[in-house]
Amino acid sequence: EKILNSKMENKKIVKDNLVDLISKIGEKISIRRSACFSFDKCKNFFYIHTPIKKNIGKLGVILSLQNGKQSEKLNDLGHKICMHIAASNPLSIDINDLNQDLIEKEKEIIKEELSSSKKSDEIVDKITKGRLNKFIEENTLLNQTWIMDPQKKVKDIVKEMANDQDIKIKAFLRYK
């Protein structure tokens with residue numbers, strides 16, 4: 001309700017702009033989800049992948065970095081992390097943020113796949129642990145392989161770019 005009643009750049013409220021668009025194109029349009037970042041000492045970054053027009057595209061990323069100082073280097077890092085998120089679609093920042101139900105479900109899937117193999121329980125547990133670690137690595141932002149340098153992880157790039165600053169990824173959203 002708060003979003004629907006907020007003003008947009010054209011001075012109309014969101015609700016009225018939706019009505020105008022619905023009458024213009026004849027399709028039902030509704031706001032499906034939204035989010036707001038509000039962290040101390042953070043800078044937010046926005047990225048639209050292959051924009052159709054200014055700020056309009058099919059894939060967008062919002063990122064919030066907590067940092068000590070504003071700099072061109074930080075702006076570059078924020079933009080590159082946004083591009084990485086757009087390309088690699090992480091589910092969370094790190095393992096602590098990853099949904100535990102998702103991890104358990106993945107563990108069940110792996111064990112089910114291995115149940116028909118005639119391997120010992122010890123081997124099955126080792127394989128499960130390895131595959132689960134790979135799943136976590138592929139789906140947590142900090143543990144993903146950096147798309148611009150496959151020899152490094154995202155956490156390595158953040159650490160390198162931070163130098164004497166303390167830079168932390170506080171939140172991100174990827175809308176498609």
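## The largest pocket

The largest pocket of this predicted model holds about 1,600 Å³ of space. Its lining comprises 34 residues, and those lying nearest the centre of the pocket are Met8, Ile31, Arg33, Asn55 and Tyr175. Two or more lining residues come from each of helix H1 (14-25), strand E1 (42-49), strand E2 (59-66) and strand E3 (168-175). Sorted by class, the lining consists of 20 nonpolar, eight polar and six charged residues.

In soluble globular proteins, nonpolar side chains tend to be buried together. The largest nonpolar core here has 24 residues, and the members that touch the most other members are Leu63, Leu65, Ile81, Ile85, Leu141, Ile167 and Ile169. Elements E1, E2, H2, H5 and E3 each give two or more residues to this core, and H2 gives the most, with six residues.

Leu63 illustrates how such a member is surrounded: leaving aside residues up to four places away in sequence, Leu63 touches Phe37, Lys43, Asn44, Phe45, Gly78, Ile81, Cys82, Ile85, Ile169, Ala171 and Phe172.

## Ser64 in strand E2

Ser64 belongs to strand E2 and is buried, with a relative accessible area of 1%. When residues up to four places away in sequence are not counted, the contacts of Ser64 are Phe37, Phe39, Cys42, Lys43, Asn44, Lys168, Ile169, Lys170 and Ala171.

## Helix H5 and its buried face

Helix H5 spans residues 154-162, and within this helix Val154, Ile157, Val158, Met161 and Ala162 are buried. Viewed down the helix axis, the buried residues of H5 fall within an arc of 130°, and they therefore line one face of the helix. These buried residues pack against helix H2 (72-88) and strand E3.

The residue that follows H5 is Asn163, which has a positive phi, near 50°.

Most residues other than glycine have a negative phi. Lys11 is located in the segment before H1 and is exposed, its relative accessible area being 66%.

Asn89 is likewise a residue other than glycine with a positive phi, in this case near 50°. Asn89 is located in the loop between H2 and helix H3 (100-115), where a relative accessibility of 35% makes Asn89 count as partly exposed.

## Asp16 and Leu4

Asp16 lies in helix H1, and with a relative accessibility of 39% Asp16 counts as partly exposed. Asp16 and Leu4 are 12 residues apart along the chain, and their C-alpha atoms are separated by 8.4 Å.

Conventions: Residues numbered from 1 in each chain as written. Predicted model: local features only at pLDDT ≥ 70, side-chain atom pairs only at ≥ 80, totals over all residues. Heavy atoms only, no water. 1 Å grid on protein atoms, 1.4 Å probe; cavity = no way out; pocket = protein on both sides within 12 Å on 5 of 7 lines; lining within 4 Å. Points joined across faces, edges and corners; volume = space filled by probe spheres on them. Helix = DSSP H or I, 4+ residues; strand = E, 2+ residues; numbered from the N terminus. Nonpolar A, V, L, I, M, F, W, Y, C, P; charged D, E, K, R; others polar. Buried < 20%, exposed > 50% of the residue type's maximum accessible area, 1.4 Å probe, protein only. Arc of directions from axis to C-beta. Contact = heavy atoms within 4.5 Å. Core = buried A, V, L, I, M, F, W, Y, C linked by side-chain atoms within 4.5 Å.
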